[in-house]
Amino acid sequence: MESGAGITNDRFAEVLKHSSCLGQFRNGSNPWMARYVYGLIFLFSNLLAWAARDYGRGASVKMEKVNVCAGKSDCSGAEGVLRVSLGCFIFYIIMFLTTVGTSKLHGRRDAWHSGWWSAKIILWIALTIITFLVPSAFFQIYGEIAHFGAGVFLLIQLVSVIGFIRWLNDCCQSEKNAERCHIHAMLIATTSYVVCIIGVILMYIWYTPEPSCLLNIFFITWTLVLLQLMTSVSLHPKVNAGLLTPGLMGLYVVFLCWCAIRSEPAGESCNRKAEASRRTDWLTIISFIVALLAIVVATFSTGIDSQCFQFRKAEKKDEDDVPYGYGFFHFVFATGAMYFAMLLIGWNTHHIIQKWTIDVGWTSAWVRIVNEWLAVCVYLWMVVAPIILKFRLAAEPV
């Protein structure tokens with residue numbers, strides 16, 4: 001048996017080494033290439049959900065009789081988004097259940113993950129079509145479940161971002177790279193703080209045109225306070241995390257604050273840019289396309305970052321170990337299917353969305369703000385937790 005397995009592995013290795021990209025794709029021997037195919041499927045699901053929302057309202061009389069919309073035909077696009085999202089979610093959940101725990105290359109589950117594309121594309125199309133045959137009442141339940149799934153995706157993405165920032169900081173502070181990266185780290189940290197301050201100033205100028213814009217003033221000012229808090233904790237002598245991590249986290253936090261204020265609905269005097277975004281021009285279309293691609297890229301990059309969720313130190317990999325966690329990869333895409341649905345309907349199935357807009361509404365704004373605050377809490381905990389654990393171990397009697 002062992003010799004037979006060795007022959008099989010050698011054959012796959014030869015295919016991987018000597019075949020072209022198309023040959024590797026057809027033979028299902030390249031899991032790295034498989035990631036991009038799953039990303040394309042996810043992108044097509046996003047585009048289909050957008051088309052169902054903006055242009056599918058008059059396609060069927062049934063789509064205009066949605067109970068959750070209370071008879072409002074303008075709201076029927078939300079159900080189309082949820083239907084496409086459900087089909088995409090089921091597809092990636094099936095892939096998750098059939099690939100979770102895969103550890104070695106050239107096995108059956110690895111071949112299923114990296115190949116069988118005709119069968120999987122047919123499966124995805126069939127699931128998408130079947131969801132349009134499901135009664136409308138079911139999507140009231142799925143819409144509520146999708147809120148939770150989208151929240152899980154945001155949490156996974158948050159931990160992934162913080163994990164990357166801490167990894168970068170550890171690399172710069174390591175004995176091997178300390179001298180070489182010291183200047184680079186200081187330049188990056190300084191640039192990050194400068195961009196953060198400029199971003200805060202611009203938000204004050206753009207989104208607080210009147211003293212009565214108390215909510216926006218609170219959001220921006222509190223973001224500045226959180227930036228100061230992260231810096232103070234990171235520079236504490238017992239923490240000594242440096243300036244790089246709070247600087248990069250500050251960029252992320254300021255970005256989330258900006259996204260939150262940008263999500264405020266049009267018609268608000270404190271968000272005049274939102275009023276301008278109601279006009280469908282080429283800039284609005286480009287912004288929408290960039291936002292849609294950003295969802296796919298964020299899901300893709302988070303899906304291959306399973307190491308951030310390993311509590312034990314990663315062991316040295318063998319040559320036949322899988323390059324990334326297949327199960328985690330598909331689970332992230334499954335929650336991402338719920339996430340893009342929430343963005344396209346503004347986190348509210350009762351909310352009427354304008355064409356060529358994404359993640360707009362007060363619910364979207366508050367989701368972003370809570371995500372910002374949660375990001376700071378998770379970062380502070382990840383920085384302070386090792387010190388607390390150290391003190392607790394020192395206080396325990398021997």
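Predicted model: local features only at pLDDT ≥ 70, side-chain atom pairs only at ≥ 80, totals over all residues.
Me: How many salt bridges does a search of the whole structure find?
Reply: A salt bridge is a side-chain nitrogen of Lys or Arg within 4 Å of a carboxyl oxygen of Asp or Glu. The search finds three. Arg53 and Asp54 meet at 2.6 Å, N to O; Glu79 and Arg83 have their closest N and O atoms 2.3 Å apart; for Arg368 and Asp359 the distance is 3.0 Å.

Me: Where do Glu79 and Arg83 lie relative to one another?
Reply: Helices are DSSP runs (H or I, at least four residues), numbered from the N terminus. Glu79 and Arg83 are four residues apart in helix α4 (residues 77-99), so about one helical turn separates them.

Me: Are Arg368 and Asp359 buried or exposed?
Reply: Buried means under 20% relative accessible area, exposed over 50%, and partly exposed in between (1.4 Å probe, protein chains only). Both Arg368 and Asp359 are buried. Glu79 is buried at 4%, as is Arg83 at 3%.

Me: What describes a pair of aromatic rings?
Reply: The distance of the centres and the angle of the planes describe such a pair. Rings of Phe, Tyr and Trp (its six-membered ring) pair if their centres lie within 6.5 Å; planes under 30 degrees apart count as stacked, over 60 as edge-to-face and the rest as tilted. By this rule the count is 26 aromatic pairs. Trp50 and Tyr55 are edge-to-face, at 5.7 Å centre to centre and 85° between the planes. Trp50 is buried at 16% relative accessibility, whereas Tyr55 is partly exposed at 46%.

Me: Which residues form the nonpolar patch on the surface?
Reply: Patches are made of residues with over 30% relative accessible area and no salt bridge; like charges are joined within 9 Å, nonpolar side chains (Val, Leu, Ile, Met, Phe, Trp, Tyr) within 5 Å. Here the patch comprises Val194, Ile197, Ile198, Ile201, Leu202, Ile205, Trp206, Leu224, Phe255 and Trp258, together about 880 Å² of accessible area (Shrake-Rupley method, 1.4 Å probe; for residues, only the protein chains shown count as cover). Two or more residues each come from α8 (178-207) and α10 (244-262). The largest share, seven residues, belongs to α8.

Terms used. Residues numbered from 1 in each chain as written. Heavy atoms only, no water.
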